[in-house]
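Okay, thanks for making time, everyone.

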Amino acid sequence: MTKPPLDILLCAPRGFCAGVVRAIDAVEKALTIHGAPVYVRHEIVHNKYVVENLKRKGAVFVRELDEIPDTKAPVIFSAHGVPKSVPEAAEARNFFAIDATCPLVTKVHREAQVHHKRDRHIILIGHVGHPEVIGTMGQLPEGAVTLVETVDDIARLQPADPENLAFVTQTTLSVDDTQDMVEALKARFPSIVGPHKEDICYATTNRQGAVKRVAPQVDAMIVVGSPNSSNSQRLREVAEREGCALVRLILRAEDIDWSLFGNIRRLGITAGASAPEILVEEIIDAFAERYEVSVESVSTADESVFFPLPRELREQAAE
C-alpha cells in the first residue's frame, strides 16, 4: 500500500542549549577523569533519556546530599542551580563538589544578591517547586524573596516598602506570559528595578520563536521533552496559543498515540532544551514508517553560544 504523504516542519533552533551541554559534559568528563561513581544531586537536566544514559555510565543520582556516603568521588550540582545551603553542606563533609549550574541561572542568582545588598525586596517570577526557583530563593535569607506565578499574584502583593523593589525571573518561562507579568509589576510598582538584560535565556526565547513560526502552519505539533521540563512545557503552551489544534509533549517515539495523528498532512516538531537530537530523529523515523515523509527545517535564529566546563574539571583536564 502507498503511504500517505506527510510534510514535517522541523523547528530550528531546538534541543540542547549551551547550559545543558555543559552540565552533561561535566558529568561525562568527571566519569572519564575519576571513574565511577560520580554523584549528582537531582537530575542533571530534566530528561529521563539523558539521566538513564548517564546512570549506565556510572552516575549516581540522589535527591539530597545525605544520601551520599563519605567519599572522595565528585559530587555534581545540577544545571538548575542549588540553594547556598547545599554547597555549604558539601564543604562541611569535605566533598569534591562541582557546580554545573547554568551560567545564565548563576546570572540571576547574582542579580538577586546585588538587589538584596541594596536593601531591595525581590519579586521572583517563576513556578513554585521548580528546582531553579528553589535555588534562586535559597541564595538569600528567608523572606527576602517573594515568588509570583500569575498576574493575579501580583495584584495581591502587599510589600512593606513598595518604593524599594526589584524583580528577577526563572530562565525557562514563556516569553509572552513573563512580559505580561513584568508589565503588571511595572504598572503597580513604577519604581521597581529589573535586570539590565532579561533573565529568560536565549535558548528559551529562540525555541519559542521557532514554534510561533511553525505552529500556525501545521495540523499537529510534537514537542520532544520530559513532562517535568519547564521549557518543554512552555513550548507546548506556545504551540497551543498560536492555534495548533493538536499539540503533544512526547519523550520518545514509543509514547506516540497514533490514533491522534491519522489524518494529518503537516506536522511540526521541536524539542526542549534538555532533549537530545537522537530522540527527534527517532520520532521522525517512526513517522517515516507510516508516511511518505518530507522534512523541511524552519530556522528563526542562529545559535553559537558556548559555556566552558566548570573550573575544577578544566584544571583537571589540563593536568
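Let's start with a sheet: five strands, open, running in the order 10-9-11-1-12, and the pairing is parallel. Before I go further, please keep in mind that this is a predicted model.

Which strands sit at the edges of that sheet? Those are strand 10, residues 246-250, and strand 12, residues 292-299, and each of them pairs on one side only. On average, neighbouring strands here are turned by 20 degrees against each other, if you ignore direction.

Now let's go through some of the pairs. Strand 9, which is residues 220-224, pairs with strand 10 in the parallel sense, over five bridges.

You'll find I269 in strand 11, residues 266-271, and it is buried, at 0% relative accessible area. What does I269 touch, once you skip anything up to four places away in sequence? There's I8, L9, L10 and C11, then M221, I222 and V224, and finally V280, I283 and I284. And if you look over to S297, that residue is 28 places from I269 in sequence, with the two C-alphas 9.7 Å apart.

Okay, on to the cysteines. The UniProt record, an unreviewed entry, has a "binding site" annotation that covers C17, C102 and C201. Why say that they gather at one spot? They span 185 residues in sequence, yet no two of their C-alpha atoms are more than 10.1 Å apart. C17, C102 and C201 are also included in the lining of the largest cavity.

Let's take two of them in turn. C102 sits in the loop between strand 5, residues 96-99, and helix 4, residues 103-117. Buried means under 20% relative accessible area, and C102 comes out at 11%, so it counts as buried. Leaving out neighbours within four places in sequence, C102 is in contact with G19, A79 and F307.

C201 is in a loop as well, the one between helix 7, residues 175-188, and helix 8, residues 202-214. C201 is buried too, with 10% relative accessibility. Its contacts, again not counting residues up to four places away in sequence, are L104 and T171.

Last stop is the largest pocket, with about 490 Å³ of space in it. How many residues line that pocket? There are 20, and D99, T101, T106, H109 and R110 lie nearest its centre. Strand 5, helix 4 and helix 11, residues 311-318, each supply at least two residues of the lining. Helix 4 gives the largest share, five residues.

Technical notes
Residues numbered from 1 in each chain as written. Predicted model: local features only at pLDDT ≥ 70, side-chain atom pairs only at ≥ 80, totals over all residues. Heavy atoms only, no water. UniProt positions renumbered as here; feature names shortened; annotations may be inferred. 1 Å grid on protein atoms, 1.4 Å probe; cavity = no way out; pocket = protein on both sides within 12 Å on 5 of 7 lines; lining within 4 Å. Helix = DSSP H or I, 4+ residues; strand = E, 2+ residues; numbered from the N terminus. Buried < 20%, exposed > 50% of the residue type's maximum accessible area, 1.4 Å probe, protein only. Contact = heavy atoms within 4.5 Å. Pairing = 2+ DSSP bridges. Axes fitted to C-alpha atoms, helices over the stretch in contact; angles between N-to-C directions. Points joined across faces, edges and corners; volume = space filled by probe spheres on them.
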